[in-house]
Amino acid sequence: MAKILLGFIIVLAAIAVATMAEGRDKDREDMIRECKKYEMFPATPKIDPSPACCAVWKRADIPCLCKRMTKEVEKEWCMEKVIYVAKYCGKPFNPGYKCGSYTVPPVVQ
């Protein structure tokens with residue numbers, strides 16, 4: 001009985017890990033599809049994102065996406081615009097937060 005229960009727990013854990021990975025991939029794909037045009041270089045102009053982009057921002061696992069932010073990705077995505085979009089969409093980064101190699105600067109009043 002204990003072996004069956006242990007096997008069941010292992011299967012549930014594997015399903016949970018697979019589901020989390022799918023969620024991260026979906027967040028990344030949705031972010032690319034809905035928000036990339038608002039977050040690409042050049043740094044100006046900053047354009048208000050669409051409601052669809054904001055919906056992605058509000059539900060995405062941002063810490064997970066930031067962990068996957070590589071130097072190569074940072075060459076395409078303007079982090080100043082990413083910060084702008086996040087704030088516009090109501091999910092701002094805290095000063096000092098690290099996303100990839102980028103550190104969110106302090107707010108200047």
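Buried means under 20% relative accessible area, exposed means over 50%, and partly exposed lies in between, with a 1.4 Å probe and protein chains only. Keep those cut-offs at hand for the tour.

This is a predicted model, where local features need pLDDT of at least 70 and side-chain atom pairs count only at pLDDT 80 or more, while totals for chains, interfaces and linings use all residues. Residues are numbered from 1 along each chain as its sequence is written, and side-chain values use heavy atoms, with hydrogens and water left out.

**Stop 1: the whole chain**

Show the cartoon. The protein chain has five helices and two strands. In sequence order the pattern is α-α-α-α-α-β-β. Helices (H or I, at least four residues) and strands (E, at least two) are DSSP runs, numbered from the N terminus. Colour by burial next. Of the 109 residues, 29% are buried. Contact means heavy atoms within 4.5 Å. Among contacts with a separation of 6 or more, 71% are between residues 24 or more positions apart.

**Stop 2: helix 1**

Select aspartate 27, which sits in helix 1. Is aspartate 27 buried or exposed? Its relative accessibility is 8%, so aspartate 27 counts as buried. Leaving out residues up to four places away in sequence, aspartate 27 touches Val56, Arg59, Ala60, Asp61 and Leu65.

Now pick aspartate 25, also a helix 1 residue. Aspartate 25 is partly exposed, at 32% relative accessible area. Draw a C-alpha to C-alpha distance from aspartate 25 to leucine 65: it reads 9.0 Å, across 40 residues of sequence.

**Stop 3: the loop between helix 1 and helix 2**

Select proline 42, in the loop between helix 1 and helix 2. A cis peptide bond joins phenylalanine 41 to proline 42, with omega about 5 degrees. Move on to proline 45, found in the loop between helix 1 and helix 2. Threonine 44 and proline 45 are joined by a cis peptide bond, with omega about 0 degrees.

**Stop 4: helix 2**

Select residues 51–59, which form helix 2. Which residues of helix 2 are buried? They are Cys53, Cys54, Val56 and Trp57. Look down the axis of helix 2: its buried residues fall within an arc of 155 degrees, so they line one face of the helix. The arc is taken over the directions from the helix axis to the C-beta atoms.

**Stop 5: the aromatic rings**

Rings of Phe, Tyr and Trp (its six-membered ring) pair if their centres lie within 6.5 Å; planes under 30 degrees apart count as stacked, over 60 as edge-to-face and the rest as tilted. By this rule there are three aromatic pairs. Select tryptophan 57 and phenylalanine 93: this pair is edge-to-face, 5.8 Å centre to centre, with 90 degrees between the planes. Tryptophan 57 belongs to helix 2, while phenylalanine 93 is in the loop between helix 5 (79–88) and strand 1 (98–99), so the pair links distant parts of the chain, 36 residues apart. Tryptophan 57 and phenylalanine 93 are both buried.

**Stop 6: helix 5**

Select helix 5 and show its side chains. Its buried residues are Met79, Lys81, Val82, Ile83, Val85 and Ala86. After helix 5 comes glycine 90, with a positive phi near 85 degrees.

**Stop 7: the pockets**

A pocket here is an open set of points on a 1 Å grid over the protein atoms alone, where a 1.4 Å probe fits, with protein on both sides within 12 Å along at least five of seven lines; lining residues have an atom within 4 Å of a point. Grid points are joined across faces, edges and corners, and a volume is the space filled by probe spheres set on the points.

The largest pocket holds about 330 Å³ of space. Its lining has 17 residues, and Arg28, Leu65, Met69, Val73 and Trp77 lie nearest its centre. Helix 1 (2–39), helix 3 (62–67) and helix 4 (71–76) each supply at least two lining residues. Helix 1 gives the most, with five. By type, the lining of the largest pocket has 12 nonpolar, no polar and five charged residues. Here Ala, Val, Leu, Ile, Met, Phe, Trp, Tyr, Cys and Pro count as nonpolar, Asp, Glu, Lys and Arg as charged, and the others, Gly among them, as polar.

Finish at the second largest pocket, with a volume of about 250 Å³. Select its lining, including Ile83, Tyr84, Lys87, Phe93 and Val104. That lining divides into 10 nonpolar, no polar and one charged residue.
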